[in-house]
Amino acid sequence: MSGEPRRWSADEALEQLYAAHWRELVRLAVLLLRDVGAAEEVVQDAFVAAHARWDRLRDPAKALAYLRQSVVNRSRSSLRHRAVVRRHLAAQPPPATAAGADERSLVADRRAAVLDAMRALPERQREVLALRHYLDLSEAEIADALGISRGAVKSHASRGSARLRELLAPSLEDPS
Amino acid sequence: MSTHERDADLARLLGEAVDDVEPTDRLDEIRARTGGATTGRRWWYAGGAALAAAAAVTAVAVLGPGSAPVTAPDPAAPPSAGPTSSDPSSADPSPTATPETATGAVYFVGQTPMGPRLYREFRALAVDDSEPLGPVVRAAVEGVPEDPDYASPWAGTGATLRSATGDDDLVTLDLAGDLHDRPATLDPDLAALAVEQLVRTAQAALGSPAPVQLLLDGERTDQLLGVPVSEPLAPGDDLDMLALVSISDPAEGQRVEATFTARGRASSFEATVPWEVRDDAGAVLVEGFATAEGWMDRLHPWEAEVDVSALAPGRYTFVAMTSDPSGGESGGPFTDTRTIVVP
């Protein structure tokens with residue numbers, strides 16, 4: 001384990017990966033979680049974990065795959081944690097998230113509709129769609145990231161796409 | 001419209017949905033957390049040397065009781081890995097818990113002065129009535145620990161859980177993947193801990209010391225990751241397998257109140273469990289000690305009231321330790337840490 005020369009130290013790898021992927025991974029997490037603050041928390045934790053594990057990851061491609069997997073898993077945990085919290089707060093009305101609704105543009109409406117629709121999908125379908133359509137990953141890469149078979153990726157993708165199209169029918173018909 | 005064009009449509013909508021998200025720059029914050037200010041937290045860096053040294057010690061312990069076939073489990077033996085009444089966060093990980101999610105105890109590997117050992121992490125898991133053991137064992141096989149100090153030896157093996165079933169007589173866990181032989185990159189002691197991790201996680205979820213039969217692709221197998229598993233397995237001895245102190249509450253990254261109750265388990269000299277709250281630079285800001293309910297034979301519950309009302313808002317590290325009367329000669333105290341957020 002000691003004889004192999006390494007191109008990057010953990011700190012260097014962290015900086016390179018951060019520069020190249022921080023924004024993209026936060027956006028991925030927003031597709032999964034909707035909330036930007038929570039998305040940043042999740043991705044930050046993933047970077048910290050990847051740094052701690054650099055000795056085992058060693059190559060940047062593996063580290064990126066680990067980061068993606070970690071973001072998806074942590075997003076899932078975060079949603080579940082929030083589900084628990086929500087039950088405790090069940091008596092209270094949800095906070096208003098649509099402040100300034102009258103000023104929102106058409107694009108902003110569509111963004112909100114897409115994020116709402118994503119949240120309405122079952123967990124696996126949401127994850128597969130985000131990895132496939134946002135990160136443009138292959139079936140094999142998605143299977144690795146989620147720890148499921150390629151067949152399962154295919155079926156989640158097709159069911160998820162169909163459901164998302166149904167939910168977004170207005171936006172898809174009029175994509176101006 | 002072709003499938004490809006329709007997919008391109010969805011890709012465009014998803015891309016647009018987040019293209020206005022400009023995350024704040026957190027590189028400094030990440031650096032602060034990875035900077036090694038709290039020594040001991042970056043244990044994977046120890047890499048070959050520390051793990052290899054540990055292997056020599058723990059392989060015996062692991063391959064001894066840890067993997068001993070059991071044909072007649074002792075019904076009087078308490079489920080050592082089971083949730084204890086003093087861990088309210090463990091709620092009830094059985095299928096009768098609240099719907100949607102329940103808190104389950106998942107075992108992961110962390111570094112200790114005695115080499116890698118198992119720590120227990122409590123986490124919210126989806127409840128699946130059709131497969132009550134599934135979510136918690138799946139988290140052990142396929143999941144990533146929330147605490148960055150822990151790791152799963154299963155990560156990188158490509159292992160997935162096909163099914164997890166069981167009752168008080170026998171638990172059966174069916175795994176899939178290229179898992180027969182130990183990957184060259186996986187230390188033998190970590191492979192053995194990987195197996196122990198599943199045995200203890202399943203028993204804790206079930207609240208029963210039922211022996212655990214591991215299958216590969218639905219079939220019995222002579223070994224898994226090179227560890228013999230043809231017979232049902234019992235867990236190894238607590239004092240050989242577990243980190244001697246662990247924190248159940250708070251959870252990693254938890255926002256805490258001005259005063260909060262920390263809980264965990266320990267086997268520490270004279271039942272004394274020192275604890276500290278440290279800042280990023282490792283300076284001790286608050287300290288105290290808890291007294292566990294026992295210490296010699298196994299891990300016992302401890303509980304501490306921690307007052308952080310005097311601290312400025314920010315991230316801190318809560319540390320629980322074993323008492324080390326040798327003054328470091330025996331490798332120093334065991335520790336478990338949690339990042340806490342003081343709002």
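These questions and answers cover helices, strands and the chain contact in a predicted model.

Me: How many helices and strands are there in chain A?
Reply: Read along its sequence, chain A follows the pattern α-α-α-α-α-α-α-α-α. Of its 176 residues, 43% count as buried. The count for chain A is nine helices and zero strands.

Me: What share of the contacts in chain A with a separation of 6 or more comes from residues 24 or more positions apart?
Reply: The contacts considered here lie within chain A and have a separation of 6 or more. Residues 24 or more positions apart account for a share of 66%.

Me: At what angle do α1(A) and α6(A) pack?
Reply: Helix α1 covers residues 10–33 of chain A and helix α6 covers residues 123–134. Their crossing is right-handed. The axes are 10 Å apart, and the angle is about 145°.

Me: Which residues of α6(A) meet L28(A), L31(A) and L32(A)?
Reply: L28(A), L31(A) and L32(A) belong to α1(A). By class, the contact of α1(A) with α6(A) has five nonpolar, no polar and two charged residues. On the α6(A) side, the residues are R126(A), E127(A), A130(A) and Y134(A).

Me: Which residue with a positive phi follows α6(A)?
Reply: The phi in question is near 60°. The residue that follows α6(A) with this value is D136(A).

Me: Which helix gives the most to the side of chain A that touches chain B?
Reply: The contact takes 43 residues from chain A and 38 residues from chain B. Elements of chain A that give two or more residues include α1, α4 (60–88), α5 (106–120) and α8 (150–167). By class, this side of chain A has 22 nonpolar, eleven polar and ten charged residues. With nine residues, the helix that gives the most is α2(A).

Me: Which strands are at the edges of the open sheet of five strands in chain B?
Reply: The sheet has mixed pairing and the order β10-β16-β15-β12-β13. Each edge strand pairs on one side only. The edge strands are β10 (254–255) and β13 (284–291) of chain B.

Me: Which residue of β13(B) stands opposite V277(B)?
Reply: Strand β12 of chain B covers residues 272–278. Seven bridges join β12(B) to β13(B), and the two run antiparallel. Opposite V277(B) stands V286(B).

Me: How many residues does the hairpin that joins β3(B) to β4(B) have?
Reply: Strands β3 (residues 160–166) and β4 (residues 171–176) of chain B pair in the antiparallel sense over six bridges. In this pairing, S163(B) has D174(B) as its bridge partner. The hairpin joins β3(B) to β4(B) through four residues.

Me: What distance separates the C-alpha atoms of F122(B) and A251(B)?
Reply: F122(B) is found in strand β2 (residues 117–126) of chain B. It is buried, with 23 other C-beta atoms within 10 Å. F122(B) and A251(B) are 129 residues apart along the chain, and their C-alpha atoms are separated by 7.3 Å.

Notes
Residues are numbered from 1 along each chain as its sequence is written. Chains are lettered from A and ligands numbered from 1 in the order in which they are written. This is a predicted model: local features need pLDDT of at least 70, side-chain atom pairs count only at pLDDT 80 or more; totals for chains, interfaces and linings use all residues. A residue is buried if 20 or more other C-beta atoms lie within 10 Å of its own, exposed if 12 or fewer, and partly exposed in between; C-beta atoms are placed from the backbone. Two residues are in contact if their C-beta atoms, placed from the backbone, lie within 7 Å. Two strands pair if DSSP finds at least two bridges between them. Axes are lines fitted to C-alpha atoms, for helices over the stretch in contact, and angles run from 0 to 180 degrees between N-to-C directions. A crossing is left-handed if the near helix is turned anticlockwise from the far one by less than a right angle, and right-handed if clockwise. Ala, Val, Leu, Ile, Met, Phe, Trp, Tyr, Cys and Pro count as nonpolar, Asp, Glu, Lys and Arg as charged, and the others, Gly among them, as polar.
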